[in-house]
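Here is a brief report on one structure. Keep the sequence and the 3D view open while reading.

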Amino acid sequence: MNLLIMGPPGAGKGTQAEELVKKLQIPHISTGDMFRTAISEGTEMGRKAKEYMDKGELVPDSVVVGMVKERLSRPDCDNGFLLDGFPRNVVQAEALDEKLKGMGRLLDGVINIIVPREKIIERLTGRRVCRSCGSSYHMVFKKPRVDEVCDNCGGEIYQRSDDNETAVNNRLYVYEASTQPLINYYAKKNLLKNINGDQEIKKVMDDIMNSLGK
Ligand code: AP5
Ligand code: ZN
């Protein structure tokens, strides 16, 4: 299946994507994770992206679109993919449409996770992430089995530099201004699957699978 997962920062996109790709056997393409990898590898792209990410701004379209197009061309996407965090505005959505058209592919669904604003702040300030594999944890809702150690790979768990109050508020503002219009964009194409993200992690997953007819 060719899928997108969208929703505000902290909605649980990464958490659900991690499980969903295991069930559907498709690659998880998270533009946020790709940038964080580039930052940790100290590449030029990572250095540029960090300036935007730390402020909660979008990285310029020219950088993101090229990176995603290249990623979608790799053979592991032949049987489908789950894009997480892309597209984030109409320019990126149109670029994706064009790329998929060129590949002779169509989107099968757009999972839109809905969570109230007050819950988002609670989730992001309590979030911790594995430095090695990117798995997401929460100090209250999803604790690792051993403190500060990733359940999946044993990696170190840290707090993202954009999970502070100033950056979170800006990320929410950017989401509302640039990304929210995509809900209508995909509703018009009859692709939108609205999911209540304000439930237990497992229940959210069940609702996603049902919405996909799985
Ligand atoms: P990105 O990494 O995509 O961040 P985001 O969209 O802000 O989303 P998050 O990763 O913060 O949240 P999530 O929805 O994945 O939540 P999670 O599952 O971790 O992007 C970061 C930055 O990169 C952007 O600001 C931008 O600068 C740049 N960027 C990326 N893509 C770009 C693009 N296309 N164009 C331009 N710039 C781009 O969950 C959050 C917490 O809640 C966790 O602790 C989790 O354990 C917990 N949780 C999850 N589900 C539940 C639940 N049901 N109940 C209780 N707790 C839960
Ligand atoms: Zn890990």
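## Met103

Met103 counts as partly exposed because 14 other C-beta atoms lie within 10 Å, and a buried residue would need 20 or more. This is a predicted model. Met103 belongs to helix α5 (residues 90–103). Its C-alpha atom is separated by 9.3 Å from that of Leu72, a residue 31 positions away along the chain.

## Around ligand 1

The shell around ligand 1 holds 35 residues. Those that come nearest are Pro9, Gly12, Gly14, Gly32 and Gly85. Five elements are listed as giving two or more residues each: α1 (13–24), α2 (31–40), α3 (44–55), β6 (136–138) and α9 (201–211). By type, the shell has 13 nonpolar, 14 polar and eight charged residues.

Strand β3 spans residues 81–84. Phe81 and Leu83 point one way, and Leu82 and Asp84 point the other way. All are buried. In a regular strand, side chains alternate between the two faces of the sheet.

β3 pairs in the parallel sense with strand β1 (residues 2–6) over four bridges. There, Asn2 stands opposite Phe81. β3 also pairs in the parallel sense with strand β2 (residues 28–30), over three bridges. Ser30 has Asp84 of β3 as its bridge partner.

## Helix α6

Which residues are buried in helix α6 (residues 117–125)? They are Ile120, Arg123 and Leu124. Seen down the axis of α6, the buried residues fall within an arc of 90°, so they line one face of the helix. Their cover includes β5 (127–130), β6 and α7 (165–179).

How values were computed
Residues are numbered from 1 along each chain as its sequence is written. Chains are lettered from A and ligands numbered from 1 in the order in which they are written. This is a predicted model: local features need pLDDT of at least 70, side-chain atom pairs count only at pLDDT 80 or more; totals for chains, interfaces and linings use all residues. A residue is near a molecule or strand if its C-beta atom, placed from the backbone, lies within 6 Å of it. Ala, Val, Leu, Ile, Met, Phe, Trp, Tyr, Cys and Pro count as nonpolar, Asp, Glu, Lys and Arg as charged, and the others, Gly among them, as polar. A residue is buried if 20 or more other C-beta atoms lie within 10 Å of its own, exposed if 12 or fewer, and partly exposed in between; C-beta atoms are placed from the backbone. The arc is that of the directions from the helix axis to the C-beta atoms. Two residues are in contact if their C-beta atoms, placed from the backbone, lie within 7 Å. Two strands pair if DSSP finds at least two bridges between them.
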